[in-house]
Structure formats: structure tokens, C-alpha cells
Amino acid sequence: MDSQRLGHVLTTMVATALIAILAATITTGTIVIAGGAPAFDWQFTLSDRHMLVIHTGPVPTCAFIPNPPQHDCFRPGPDHREFSMAYFTPDSVRSLVQFRLPKP
């Protein structure tokens with residue numbers, strides 16, 4: 001096989017892989033936005049001090065804070081659904097992506 005043919009085959013393989021990844025991403029995003037994906041909360045520990053959290057599902061509007069005991073409502077009303085990705089370090093929390101999902 002000559003080098004031109006090999007280059008053409010490799011280019012075709014890379015293009016096909018990128019199209020497949022793009023199609024899978026669009027399909028997954030559509031399913032999540034449409035409410036077809038179940039709620040999940042994945043936590044990936046990247047090291048002992050870094051963590052990536054991917055969440056889809058309901059977000060409570062009220063929280064119980066134990067010390068001092070109190071019950072805070074940030075947004076009155078029912079829980080809303082959202083998709084979010086956050087990066088946790090000992091010094092900060094960075095929201096990478098966050099958006100509300102429509103009601104199912």
C-alpha cells in the first residue's frame with residue numbers, strides 16, 4: 001500500500017470517527033433535554049483533591065442547614081430539573097455547564 005492510499009484511508013477513518021462522536025453527542029443531548037434520560041449524579045475523582053461531578057435531574061429548592069439549625073428555601077415552588085457539570089478543588093467550585101431542563 002503506497003503512502004497516498006494510506007493517508008486517504010486514515011483520513012477517512014478519522015472523519016468517520018468524528019462524525020460518529022458528533023452524532024452520539026447530539027443524540028445524547030437531545031435525549032437529556034427532552035427528559036428521556038433518567039436522573040443521575042456521577043462523581044469522578046480525578047485525584048485526592050479534584051473531582052468532576054455530572055448531574056441530571058431534580059435540584060431541591062430548599063435545604064436544611066444543621067449548624068445553626070435552619071431551613072432555607074432558595075426558590076419557592078417545586079424542584080426543577082437541570083443538567084450541570086462542576087469541577088471541585090479544595091479552593092473552589094467551578095461550574096462548567098449548567099442549564100435548566102424543561103418539565104417532563
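This note walks through a predicted model of one protein chain, point by point.

1. Ground rules. The model is predicted: local features need pLDDT of at least 70, side-chain atom pairs count only at pLDDT 80 or more, and totals for chains, interfaces and linings use all residues. Residues are numbered from 1 along each chain as its sequence is written, and side-chain values use heavy atoms, with hydrogens and water left out.

2. Overall layout. The protein chain has 1 helix and 6 strands. Their order along the sequence is α-β-β-β-β-β-β. Helices (H or I, at least four residues) and strands (E, at least two) are DSSP runs, numbered from the N terminus.

3. The protein chain exposes about 8000 Å². Carbon and sulfur atoms supply 66% of that area. Accessible areas come from the Shrake-Rupley method with a 1.4 Å probe; for residues, only the protein chains shown count as cover. Of the 104 residues, 17% count as buried. Buried means under 20% relative accessible area, exposed over 50%, and partly exposed in between (1.4 Å probe, protein chains only).

4. Contacts along the chain. Contact means heavy atoms within 4.5 Å. Take the contacts with a separation of 6 or more: residues 24 or more positions apart account for 33% of them.

5. Helix 1. This helix covers residues 3–34. Its 32 residues should span 46 Å at 1.5 Å a residue, and its end C-alpha atoms are 46 Å apart, so the two agree. The expected span is 1.5 Å times one less than the number of residues. Just after the helix, Gly35 takes a positive phi of about 85 degrees.

6. The core. The largest nonpolar core holds 6 residues: Val32, Ala37, Phe40, Ile54, Phe83 and Leu101. Such a core is a set of buried Ala, Val, Leu, Ile, Met, Phe, Trp, Tyr and Cys residues joined through side-chain atoms within 4.5 Å. Leaving aside neighbours within four places in sequence, Ala37 is in contact with Ile31 and Val32.

7. Ser84. This residue lies in strand 5 (residues 80–88). Ser84 counts as buried because its relative accessible area is 13%. Beyond four places in sequence, Ser84 is in contact with Val53, Ile54, His55, Val97 and Gln98.

8. The nonpolar patch. Ile33, Leu96, Val97 and Phe99 make a nonpolar surface patch of about 310 Å². Patch residues have over 30% relative accessible area and no salt bridge; like charges are joined within 9 Å, nonpolar side chains (Val, Leu, Ile, Met, Phe, Trp, Tyr) within 5 Å. A salt bridge is a side-chain nitrogen of Lys or Arg within 4 Å of a carboxyl oxygen of Asp or Glu. Strand 6 (residues 93–100) gives the most to the patch, with 3 residues. Ile33 comes from helix 1 and is partly exposed, at 42% relative accessibility.

9. Phe99. This residue is in strand 6 and is partly exposed, at 32% relative accessibility. Not counting residues up to four places away, Phe99 touches Ile33, Glu82 and Phe83.
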